[in-house]
Amino acid sequence: MKRVLLTGANGFLGTQIARQLISKEDLEIIALVRAEDKDHALRRLKRAWYDWPELLESLKVKIKVLNGDISQMNLGLGEEDYNNLSSSLSHIIHTVADLRLHAPLEELRKTNLEGTQNLIKLAHNAKENGHFMGFSHVSTAYVAGKRTGTITEDELTNQDGFWSNYEESKYEAEKAVKESGLPFTIFRPGMVVGDSKTGEIKTFNTVYALLKLYLTGKLRFIPTSASLTLNMVPVDYVAKAVAVLTFNPETDGKTFHLTAPHSKLPNIRNLLEKVREWALNELDIKLPHPIFIPISSGVQKLSSLVRKDDTRGLFNILFTLAPYLNENRVFDQENINKYFDPYDLDWEEYLPSLLNFAVYNGFFHRSERSVHEQVLFRLKSRSFPVYYYDIFEGQKKAKSAPELRKDILDSVQSLIELGVQPGDRIALVGLNSTRYLTLEVAIGLMGAVSVPLYYTSPPLEVKNVLKSSGAKILFIGTPHLMKRLDELDGSKEFNGKNELNSNLQMISFCRESQKIPEKVLSWQDFLKNGRNSSKTTKRLKKSPVDFSDLATIRYTSGTTGNPKGVTFNHEHLRWMAESMASLPPWKDRNREVSYLSFLPMNHVVEGILGTYSPYYAPAPLKIYFLEDFNDLASALPDVRPTIFFSVPRLYEKLWQQLKSSFFGSHYIHLKEGLLKRLLKPLIHYHFLRRAGLNHCAQLIVGSATSSQQLIDDYHELGIEIHNAYGLTEAPLVTLNRRGKNRIGTVGEPLPETDIKIAEDGEVLVKGPQVTPGYFETNSDPPTKERWLETGDLGYLTPEGSLVITGRKKELIINSYGKSIDPLHIEALLRDIPGVEEVMLVGEGKPYLSGLFWSDENYNPEEISGNIQEVNLKLSHPEQVKMWALLSNDLSIDGGDLTANMKLKREIITRRYQDVINSIYHNKSNPLILHLGHLEEDNGD
C-alpha cells in the first residue's frame with residue numbers, strides 16, 4: 001500500500017488534492033497539520049473539510065492526522081511519529097507555502113525554503129528504507145520572476161530577478177528539490193482561482209483583488225495594457241493534475257506548467273467586460289467601462305522595492321498586482337500536454353461561478369473560524385474596524401473594540417477559573433448590551449453552551465429552564481429578575497436526573513447602578529477573576545469546538561411543564577451568519593454597516609442572525625445595543641441603521657404616527673390625483689427620516705403574522721416592507737429580496753434551503769438552518785426524514801415564493817414576535833372557581849385576551865381577581881390583559897368541542913369574532929357578561 005504525506009491538508013489546494021486522492025485504492029494519506037497536538041490538528045482539519053462529507057468520512061478509515069510544523073526540525077513530530085513516517089513513506093505531496101508576496105525574505109524562507117528542505121530530509125530517510133517513490137512539490141509559475149517571452153517547463157533561472165520576495169523564496173525551494181537527488185515532480189500553477197463548477201475558493205487574493213475593486217466602483221483606471229492576459233487556472237484542474245501525475249512513474253524529474261494554454265487565457269479587457277455584463281444582470285449595477293493606462297517598467301521595478309506590509313489601500317493593491325497584469329510571456333506546456341488530459345475549461349463559462357461565490361461571501365476569505373472566533377477576529381481588524389455603543393437612559397456610551405476583546409478574553413479565563421468545561425450549559429437572562437455580547441462570545445469560544453432566556457421571564461420559568469438545561473451558571477443582566485432572586489430558591493423541590501444545580505453560581509452583568517445581593521458575583525469581580533487568574537490554570541489558546549458541537553439552546557415559550565430547548569450547533573450559527581450577511585444588495589454590503597440590536601437577544605432572530613451576521617460583512621461596523629425596547633422611537637433617528645429587521649408591531653406604530661400627524665392624515669385621505677402624486681415623495685422622505693429608517697437598504701418584517709393591509713399601505717407610499725418567514729427551529733427560511741418583493745408572500749427560500757408542502761398543507765423545510773433537535777426532552781423530534789415539520793400551513797407560488805395561510809400548531813405569536821403556548825396558561829385559568837372553559841386569543845395582536853365561559857353562579861370580581869393572581873406567575877407576553885365572561889353554551893353537538901372535549905379553535909374563533917373584536921376595541925357586546933382588564937403594576 002502507498003503511504004502519502006500531504007502537507008497543507010487543511011489549506012484550500014491541499015483540501016482539493018485530498019478530495020482527488022481518497023478515491024484511489026491501496027492508498028493511505030497522512031495529513032500534516034500545524035497544531036499544538038493531535039486533537040487540535042484533527043479539529044482544524046475537520047473544520048477545514050466540513051463542506052465535504054466524503055473527506056470527513058475518510059478521516060475514519062483512509063486518512064491519518066499528524067500535528068507538526070514543516071519549518072521545525074523533524075517537522076515538529078515526536079520521535080515515534082517521525083520514524084514511522086521514515087520507515088513506510090512512499091510519496092510526499094508538498095503544498096504548504098507562505099503566500100505573503102512582500103514579507104521579509106528571511107521570514108518567507110522559514111516555510112518556503114527551510115520547510116521544503118526538512119521534507120527533503122524526511123524523503124531521503126524514507127528512500128534509505130527502500131519505500132520512497134516520489135516527491136511532488138507545488139511551486140508556482142512565478143518562479144520565472146521577471147523573465148519574458150517563452151518559459152519552458154524544465155528551465156529554472158534567476159538571471160532576470162524577481163518581482164517579489166515570495167517568488168524568490170519559491171525559486172529557492174524548487175531549486176532545492178531539483179538538486180536533492182530524489183525522484184521528484186514539480187508543479188507550477190498560475191494564479192489559482194476557484195472551482196470551475198462551484199466557484200469555491202478559500203482565499204480571495206491576486207485576481208480577486210482586481211475583481212473586487214472593479215465591482216465596488218473603486219477601480220476605473222487599470223495599470224496595464226488592455227491586451228495583456230491573466231494567467232488564471234481553476235483549482236480543480238490543478239488538484240486533479242497533482243493527484244494523477246504524482247503516481248505516474250514516467251513523470252520523474254519533470255516539471256509541469258499547470259496553466260491554461262495561452263490561447264484560452266482572457267485578456268484583461270475581455271475579462272472586465274464580462275464582469276461588467278454579469279454585474280448588470282446579477283447585481284443590477286451598471287459599472288463604468290475601465291480605462292487602461294499601461295505603466296512603465298520603471299514603475300513596476302519600483303513596486304518590487306516598496307514594502308507592502310499594509311496592502312489594504314488602493315495604491316498598494318495596484319502595486320502588488322502590477323507585475324501580474326503585465327504577462328509578456330508564454331508558459332510552455334510540452335510536458336503537461338504529453339502526460340495529462342487536454343485543458344478543456346473555458347474562462348467565460350466558469351467566470352460566473354467565480355463571481356457568484358466571491359460576491360456571496362463578500363470577497364471575505366473563508367476560514368475555519370466559528371462565529372465566536374469570527375467576532376474576535378474582526379475586533380482586531382484595521383481594514384474593517386468595529387465600534388460599539390450601549391444606549392440606556394438617554395445616554396450613548398461608546399466601547400472600543402480592544403476593550404470588548406479584552407473583556408471577552410477575561411470572561412473566558414474567568415469561566416475556566418469557575419470550572420466550566422466544554423459542553424457545560426451557561427444560562428443568561430439580560431437586557432441587550434455589549435456585556436451580553438461579551439458573554440455569548442466567551443461562552444462559545446470555550447466550547448460551553450449558551451442558554452439565553454427572555455428578560456421578563458418570571459422566576460418560575462427561569463427555574464424550569466435551569467432545571468431542563470442543567471445550567472452551571474446563571475448570568476443576570478436585568479433588574480426584573482435581580483429583585484426576585486429569592487423566588488429562585490427552593491431548588492430542593494427538583495429531584496432526579498435533571499434536578500436544579502444546588503451549587504448554581506449567579507453572576508451579574510447589570511450596569512453598576514443596579515444594586516445586587518451578596519450571593520451574586522458582580523461583573524467587575526467576574527472580569528477581575530479572569531485577569532488575575534492563577535498561573536496554574538491553563539489559558540485558552542484555541543477554541544476547543546468542532547462545527548458539529550452544540551453551541552446554544554434556545555427555549556420555546558416557558559411553561560410550568562417541560563419547555564423545549566431548540567438546539568443549534570456551531571455549523572448552524574456559522575451558516576446562518578454567512579448567509580444573512582450575503583442577503584443585502586451588493587452596494588449596501590460594501591458601505592459602513594450601522595446595526596441596532598433591540599429585539600431580545602435570546603430570540604433566534606436577534607441572538608443568532610442579528611448578533612453574528614454583521615461580522616461577515618466586508619465593511620466597517622457600528623453596532624448599537626438598546627437596553628430598553630420602549631426607547632426605540634428615540635434611538636432609531638440617532639442610530640439611523642443600515643440594516644433593520646423588526647416585528648410587525650413597530651411598523652404598525654410608525655404608521656399610526658403618520659396617520660395621526662397633520663400632513664400624514666391629509667395625505668392618506670387625499671383622493672388619487674396630481675396633488676397626491678406631488679406630495680408622495682415628500683411624505684415618503686420625511687416619514688422615513690423622522691423614523692430614522694432613511695439609511696436602510698431594506699426594511700424587513702418577520703417573527704409574527706403581518707397585516708396585509710399594513711404592507712399595502714407602506715407600498716402605496718413607495719416604502720417596501722419585505723416579509724420574511726422563520727421559526728425557532730429554523731430562524732430564517734424565506735425572505736422577499738429587494739427588487740423581488742412579492743407582496744402577499746413571505747419570499748423565496750434562502751440558499752441551500754428546500755421547501756415542500758405536505759398533503760395536509762403543512763410547510764416542510766430542509767436546510768442548514770434547521771435545528772438538529774430538542775435538548776434532552778421527550779418531545780417528538782421536529783424533523784422527519786430531515787424535513788422540519790413547521791406546523792404552518794401554506795403553498796408555493798409558481799415563482800417559488802411561499803405563502804403562509806394559517807397555523808397547524810396551537811401556538812400564538814403576538815405582534816412583537818413572542819411565541820406563546822396558550823395550553824398551559826389556559827390550564828391555570830381553568831382552575832379558577834366559576835370558570836368552565838377558557839380560550840386565549842391574540843395572534844398578531846399586541847397582547848393576549850381571553851374568552852371565559854362561566855357557570856351560572858359566576859362572580860365577576862372574584863374571577864377577575866383570580867385571573868390577576870395567575871398573571872403574576874406568567875411572563876409579560878403571557879399575561880391576559882383583557883377578558884370577556886360568557887355564558888357557557890359550548891357543546892360537542894354544536895361543533896365547538898371534539899369528542900374528547902377539546903376546543904375546536906378555528907370554529908370558535910369564527911363564531912366569536914365579533915366578541916374578539918369588541919374585546920380589542922374595548923366595546924360592549926350583547927354576548928359579553930363582563931369585560932375585564934389587567935391592572936398593571938407600574939412599580940415592577
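A charge is said to sit over a ring if NZ of Lys or CZ of Arg is within 6 Å of the ring centre and within 35 degrees of the ring normal. In this predicted model, lysine 396 lies over the face of tyrosine 389, at 5.7 Å from the ring centre, and the charged end of arginine 369 is placed over the ring of phenylalanine 377, 3.7 Å from its centre.

Phenylalanine 598 and phenylalanine 644, by contrast, form a stacked pair, 5.5 Å centre to centre with 15° between the planes. Both belong to a cluster linked by ring pairs, which also includes Phe629, Tyr651 and Trp655.

| Residue | Relative accessibility | State |
|---|---|---|
| Tyrosine 142 | 4% | buried |
| Phenylalanine 331 | 10% | buried |
| Phenylalanine 598 | 2% | buried |
| Phenylalanine 644 | 1% | buried |

Helix H21, residues 570-581, is mostly covered, since eleven of its twelve residues are buried. At 1.5 Å a residue the helix should span 16 Å, and its end C-alpha atoms are 17 Å apart, which agrees. Glutamate 578 lies in this helix and counts as buried because its relative accessibility is 13%; leaving aside residues up to four places away in sequence, glutamate 578 touches Tyr360, Arg366 and Tyr616.

Technical notes:
Residues are numbered from 1 along each chain as its sequence is written. This is a predicted model: local features need pLDDT of at least 70, side-chain atom pairs count only at pLDDT 80 or more; totals for chains, interfaces and linings use all residues. Side-chain values use heavy atoms; hydrogens and water are left out. Helices (H or I, at least four residues) and strands (E, at least two) are DSSP runs, numbered from the N terminus. The expected span of a helix is 1.5 Å times one less than its number of residues. Buried means under 20% relative accessible area, exposed over 50%, partly exposed in between (1.4 Å probe, protein chains only). Contact means heavy atoms within 4.5 Å. Rings of Phe, Tyr and Trp (its six-membered ring) pair if their centres lie within 6.5 Å; planes under 30 degrees apart count as stacked, over 60 as edge-to-face and the rest as tilted.
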